[in-house]
Amino acid sequence: MADLERYRLMLEEGNAVMNLVGPATLPDFWSRHALDSAQLRDHAPDARTWADLGAGAGLPGVVLAILLKGVEGARVWLIDSQTKRCRFLQPVVDALALPAEVIDARAETLKLKADVVTARACAPMDRLLDFADPYLKRGALGLFLKGEQAETELAEARRRRPRLDADLLPSVSDPRGRIVRIRSL
């Protein structure tokens, strides 16, 4: 809890100088951001390696890395192609001594093997699957936090990928939200 609180304060500070999350969401950090991110761990409790695509403010990746502290073999890759976001994330990882690595690159160009690939507020589902494709092809489970348009986004993605093995799970943090679980493309 202490690490989550320190992260909350760092996020608040960082948000004052760059747009990391909607300012109106900061007062709801615990339910809107922390719980929303943490719930993913319940869907892959044995996962040790996570790739957070479009990591941005570190949601869900930083929260997952906090939860994985002390777990042998744990690693969270916080991947973002915008250097300014990586400049925010690196001091967070360092200050909290997280089992995480910040990578300033386009996610789809990397050759990382992860147990789970995740993202939140990164891109519409169809485009997000293009980014996640290399991870999913290497056996990663996809767990993507989506809002009330999740069903529509998933239906659109299925038009290009008719054999997409995916389902929608309820979100514990928001009844309108969903977790899109992808087993394979």
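Thr118 stands opposite Leu143 in S5. The model is predicted. The two residues belong to a pairing between strand S4 (residues 116-120) and S5, which is parallel and spans five bridges. From S4 the chain passes through H5 to reach S5, and this β-α-β crossover is right-handed.

Leu145 stands opposite Ile179 in S7. Gly142 has Ile182 as its bridge partner in that strand.

S5 is mostly covered, with six of its six residues buried. Leu141, Leu143 and Leu145 point one way from the strand. Gly142, Phe144 and Lys146 point the other way. Both sets are buried, Lys146 included.

**The sheet**

Seven strands make up an open sheet with mixed pairing. Their order is S3-S2-S1-S4-S5-S7-S6. S3 and strand S6 (165-170) stand at the edges. Each has a single partner strand, so one side of each lacks a neighbour in the sheet. From one strand to the next, the twist averages 20°.

Helices pack on this sheet. H3 lies across strand S1 (49-53), S2, S3 and S4, at about 165° to S2. H5 touches S1, S2, S4, S5 and S7, and its direction makes about 155° with that of S5.

**Nonpolar cores**

The largest nonpolar core has 40 residues. Tyr7, Leu11, Trp50 and Leu78 touch the most other members. Several elements supply at least two residues each, among them helix H1 (2-17), helix H2 (29-43), strand S2 (75-80) and strand S5 (141-146). H3 gives the most, with six residues. A second, separate core holds 29 residues, including Trp77, Ile103, Leu110 and Ala119.

Which residues does Trp50 contact, leaving aside its neighbours within four places in sequence? The list includes Leu40, Arg41 and Ala44. Leu64 and Leu68 are also on it. Thr118 and Leu143 are the facing pair of S4 and S5.

**Salt bridges**

The whole structure contains 16 salt bridges.

| Arg85 | Asp80 | 3.8 Å |

Take Arg85 and Asp80. Arg85 is partly exposed at 26% relative accessibility. Asp80 is buried at 3%.

The bridge between Arg160 and Asp130 joins two helices. Arg160 lies in helix H6 (residues 150-160) and Asp130 in helix H5 (residues 125-137), so the pair ties together parts 30 residues apart in sequence. Asp130 is partly exposed, with a relative accessible area of 30%.

Asp133 and Lys137 both lie in helix H5. They are four residues apart, about one turn of the helix. Lys137 is exposed, at 65% relative accessibility.

Conventions
Residues are numbered from 1 along each chain as its sequence is written. This is a predicted model: local features need pLDDT of at least 70, side-chain atom pairs count only at pLDDT 80 or more; totals for chains, interfaces and linings use all residues. Side-chain values use heavy atoms; hydrogens and water are left out. A nonpolar core is a set of buried Ala, Val, Leu, Ile, Met, Phe, Trp, Tyr and Cys residues joined through side-chain atoms within 4.5 Å. Buried means under 20% relative accessible area, exposed over 50%, partly exposed in between (1.4 Å probe, protein chains only). Contact means heavy atoms within 4.5 Å. A salt bridge is a side-chain nitrogen of Lys or Arg within 4 Å of a carboxyl oxygen of Asp or Glu. Two strands pair if DSSP finds at least two bridges between them. A crossover is right-handed if, with the strands pointing away from the viewer, the path from the first strand over the helix to the second runs clockwise. Axes are lines fitted to C-alpha atoms, for helices over the stretch in contact, and angles run from 0 to 180 degrees between N-to-C directions.
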